[in-house]
Amino acid sequence: MMIIDRFEGNIAVIECDEGIFDISKDLLPDNAAEGDVIISSDNIYYVDEEETENRRKLLAERLRSMTGGAE
(Lines give C-alpha, C1' and ligand atoms only; values in the text may rest on other atoms or scores of the structure.)
Protein backbone atom coordinates (compact mmCIF):
# COMPACT_ATOMS: atom_id res chain seq x y z
CA MET A 1 0.00 0.00 0.00
CA MET A 2 1.34 3.45 -0.91
CA ILE A 3 0.20 6.46 1.13
CA ILE A 4 0.94 10.13 0.55
CA ASP A 5 2.70 11.14 3.76
CA ARG A 6 3.28 14.79 2.92
CA PHE A 7 4.19 17.31 0.27
CA GLU A 8 7.47 19.20 0.27
CA GLY A 9 7.30 21.79 -2.49
CA ASN A 10 6.95 19.89 -5.76
CA ILE A 11 7.79 16.56 -4.12
CA ALA A 12 5.33 14.04 -2.69
CA VAL A 13 6.75 11.86 0.07
CA ILE A 14 5.25 8.39 -0.25
CA GLU A 15 5.19 5.78 2.52
CA CYS A 16 4.88 2.10 1.64
CA ASP A 17 5.73 -1.31 3.06
CA GLU A 18 9.24 -1.09 1.57
CA GLY A 19 9.97 2.31 3.15
CA ILE A 20 9.68 5.92 2.07
CA PHE A 21 10.36 7.41 -1.36
CA ASP A 22 9.78 10.66 -3.21
CA ILE A 23 8.01 11.33 -6.47
CA SER A 24 7.25 14.48 -8.36
CA LYS A 25 3.93 15.99 -7.27
CA ASP A 26 3.20 16.41 -11.00
CA LEU A 27 2.83 12.62 -11.29
CA LEU A 28 -0.17 12.65 -8.94
CA PRO A 29 -3.73 13.68 -9.77
CA ASP A 30 -4.60 17.29 -8.91
CA ASN A 31 -6.98 16.13 -6.16
CA ALA A 32 -4.36 14.01 -4.35
CA ALA A 33 -4.00 14.91 -0.67
CA GLU A 34 -1.94 13.89 2.33
CA GLY A 35 -3.16 10.57 3.69
CA ASP A 36 -4.53 9.35 0.35
CA VAL A 37 -3.83 5.79 -0.70
CA ILE A 38 -2.42 5.71 -4.21
CA ILE A 39 -1.90 3.02 -6.78
CA SER A 40 0.22 3.06 -9.89
CA SER A 41 -0.12 1.49 -13.26
CA ASP A 42 2.53 2.02 -15.93
CA ASN A 43 4.06 4.84 -13.84
CA ILE A 44 0.73 6.67 -13.69
CA TYR A 45 -0.55 7.29 -10.17
CA TYR A 46 -4.19 7.25 -9.11
CA VAL A 47 -5.93 7.89 -5.80
CA ASP A 48 -7.63 4.73 -4.57
CA GLU A 49 -10.77 6.45 -3.31
CA GLU A 50 -12.28 3.34 -1.72
CA GLU A 51 -9.13 2.31 0.15
CA THR A 52 -8.50 5.90 1.24
CA GLU A 53 -12.00 6.12 2.74
CA ASN A 54 -11.60 2.73 4.46
CA ARG A 55 -8.26 3.82 5.93
CA ARG A 56 -9.67 7.13 7.19
CA LYS A 57 -12.59 5.35 8.87
CA LEU A 58 -10.21 2.87 10.53
CA LEU A 59 -7.98 5.66 11.80
CA ALA A 60 -10.99 7.60 13.13
CA GLU A 61 -12.19 4.48 14.98
CA ARG A 62 -8.75 3.97 16.49
CA LEU A 63 -8.62 7.58 17.65
CA ARG A 64 -12.10 7.30 19.24
CA SER A 65 -11.07 4.13 21.09
CA MET A 66 -7.85 5.78 22.33
CA THR A 67 -9.68 8.87 23.57
CA GLY A 68 -12.58 7.00 25.13
CA GLY A 69 -15.03 8.09 22.45
CA ALA A 70 -14.31 11.81 22.77
CA GLU A 71 -13.52 13.68 19.60
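The legends below describe views of a predicted model.

**View 1. Fold of the protein.** Five strands and one helix make up the protein, in the sequence order β-β-β-β-β-α. Helices (H or I, at least four residues) and strands (E, at least two) are DSSP runs, numbered from the N terminus. Along the principal axes, the C-alpha atoms fill a box of roughly 40 × 25 × 25 Å.

View 2. Of the 71 residues, 24% count as buried (under 20% relative accessible area; exposed is over 50% and partly exposed in between, with a 1.4 Å probe and protein chains only). Among contacts (heavy atoms within 4.5 Å) with a separation of 6 or more, 29% join residues 24 or more positions apart.

**View 3. Surface and charge.** The protein exposes about 5100 Å², of which carbon and sulfur atoms supply 47%; accessible areas come from the Shrake-Rupley method with a 1.4 Å probe. There are 7 positive and 18 negative side chains, with the centres of the two sets 7 Å apart. Lys and Arg count as positive, Asp and Glu as negative; His and the chain ends are not counted. Each charge is placed at NZ of Lys, CZ of Arg, CG of Asp or CD of Glu.

**View 4. The patch at Ile 39, Ile 44 and Tyr 46.** These residues make a nonpolar surface patch of about 270 Å². Ile 39 belongs to strand E4, residues 37-41, and counts as partly exposed because its relative accessibility is 41%.

**Notes.** Residues are numbered from 1 along each chain as its sequence is written, and side-chain values use heavy atoms, without hydrogens and water. Local features need pLDDT of at least 70 and side-chain atom pairs count only at pLDDT 80 or more, whereas totals for chains, interfaces and linings use all residues.

Note on methods:
Patch = residues over 30% accessible without salt bridge, like charges linked within 9 Å, V, L, I, M, F, W, Y side chains within 5 Å. Salt bridge = Lys/Arg side-chain N within 4 Å of Asp/Glu carboxyl O.
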